[in-house]
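I am opening a new page in my notebook to record what I looked up in this structure. My entries follow the order in which I went through it.

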Amino acid sequence: MWITDARPRCADDETKAVVVCFPPSGAGASCFHGAFAATLGASGVKVLGVDVPGRFGSSHKAPWGGSLVGMAREIADELGCVLSGGDVPVCYFGHSVGSWLAYETAAVASPAKLYASGARAPSLAHWLNDLDEVNPRLSVLEGDAFWDAFNARYGENVNLSSSATRNAILESLVNDFRLSENYEPSTARIECDIVSIGTHDDCRYDAYQLGIWRHHTSSTY
């Protein structure tokens with residue numbers, strides 16, 4: 001299974017819309033549980049999370065060995081079954097590499113709207129467009145060099161302070177960077193509206209890179 005219900009969940013008879021959430025590198029579908037799902041659920045929005053292989057809590061223990069495009073096609077196939085017969089609008093929300101995964105899924109199974117958070121546009125996905133000019137390719141680094149570059153990009157994370165924790169997630173995390181650094185978009189435009197989201201002074205993208213998302217939709221909204 002690729003799709004999981006977030007907890008707490010919106011009651012089916014109260015559902016006004018569905019949002020399918022694609023997690024960032026290193027995170028699983030559970031990152032959308034709790035307060036995130038409860039807040040949207042209170043408004044009648046049902047939250048579904050994408051269970052990315054190899055992530056914490058995933059039912060797929062081995063990291064994904066293919067491409068982001070290949071993963072998106074698998075997800076789209078299951079969404080077609082999970083959402084069949086529904087009559088409420090479906091939106092996708094992705095953060096970081098989850099934005100690219102959501103975009104590729106939208107190319108196969110189009111939602112009403114795509115919310116792309118914290119990622120440059122797919123046409124700028126190549127690692128040469130990464131704002132990190134020192135270590136734009138984390139997947140080729142090993143040991144302390146990887147963690148030094150990771151911390152420089154994302155900041156120190158207290159949850160990763162122990163070597164045991166770092167070792168437990170290293171394979172999956174490196175694979176996530178492999179997927180993103182080798183990502184080649186499969187299509188130029190999708191049919192739905194796109195909303196790109198970012199924050200000021202984020203070292204991972206700039207306003208121009210976010211703005212290019214507008215060129216990836218044929219919508220005139």
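Which residues does Tyr 92 touch, if I leave out those up to four places away in sequence? I noted first that the model is a predicted one. In it, I found that Tyr 92 touches Val 20, Phe 22, Leu 79, Ala 102, Thr 105, Ala 106, Ala 109, Pro 111, Lys 113, Leu 114 and Tyr 115.

**Entry on the cores.** I then looked up the largest nonpolar core, which has 36 residues, and saw that Val 20, Ile 75, Tyr 92 and Leu 114 touch the most other members. At least two residues of this core come from each of strand 2, strand 3, helix 2, strand 4 (90–95), helix 3 and strand 5 (113–117). Apart from this core I found another, of 9 residues, which includes Ala 6, Phe 32, Val 45 and Val 47.

**Entry on strand 3.** I asked next how many of the 6 residues of strand 3 (residues 45–50) are buried. The count is 6 of the 6, so the strand is largely enclosed by the rest of the structure. Strand 1 (residues 3–5) runs antiparallel to strand 3 and is joined to it by 3 bridges, and I noted Gly 49 as the bridge partner of Thr 4. Strand 2 (residues 17–22) pairs with strand 3 in the parallel sense over 5 bridges, with Val 19 opposite Val 47.

**Entry on helix 5.** Helix 5 (residues 163–181) has 19 residues, and I noted that its span of 25 Å from first C-alpha to last is close to the 27 Å expected. I also found a bend of about 50° at Leu 170. Its buried residues are Ser 172, Leu 173, Asn 175, Asp 176, Phe 177, Leu 179, Ser 180 and Glu 181, and they pack against helix 2 (68–82), helix 3 (97–108) and helix 4 (143–154).

**Entry on Arg 204.** I located Arg 204 in the loop between strand 6 (193–197) and helix 6 (207–211). Although Arg 120 is 84 residues away from Arg 204 in sequence, their C-alpha atoms are 8.2 Å apart in space. Beyond four places in sequence, Arg 204 touches Arg 120, Leu 131, Arg 153, Tyr 154 and Gln 209.

Methods. Residues numbered from 1 in each chain as written. Predicted model: local features only at pLDDT ≥ 70, side-chain atom pairs only at ≥ 80, totals over all residues. Heavy atoms only, no water. Helix = DSSP H or I, 4+ residues; strand = E, 2+ residues; numbered from the N terminus. Expected span 1.5 Å × (residues − 1). Bend = angle between axes of the 7 residues up to and from the residue. Buried < 20%, exposed > 50% of the residue type's maximum accessible area, 1.4 Å probe, protein only. Contact = heavy atoms within 4.5 Å. Pairing = 2+ DSSP bridges. Core = buried A, V, L, I, M, F, W, Y, C linked by side-chain atoms within 4.5 Å.
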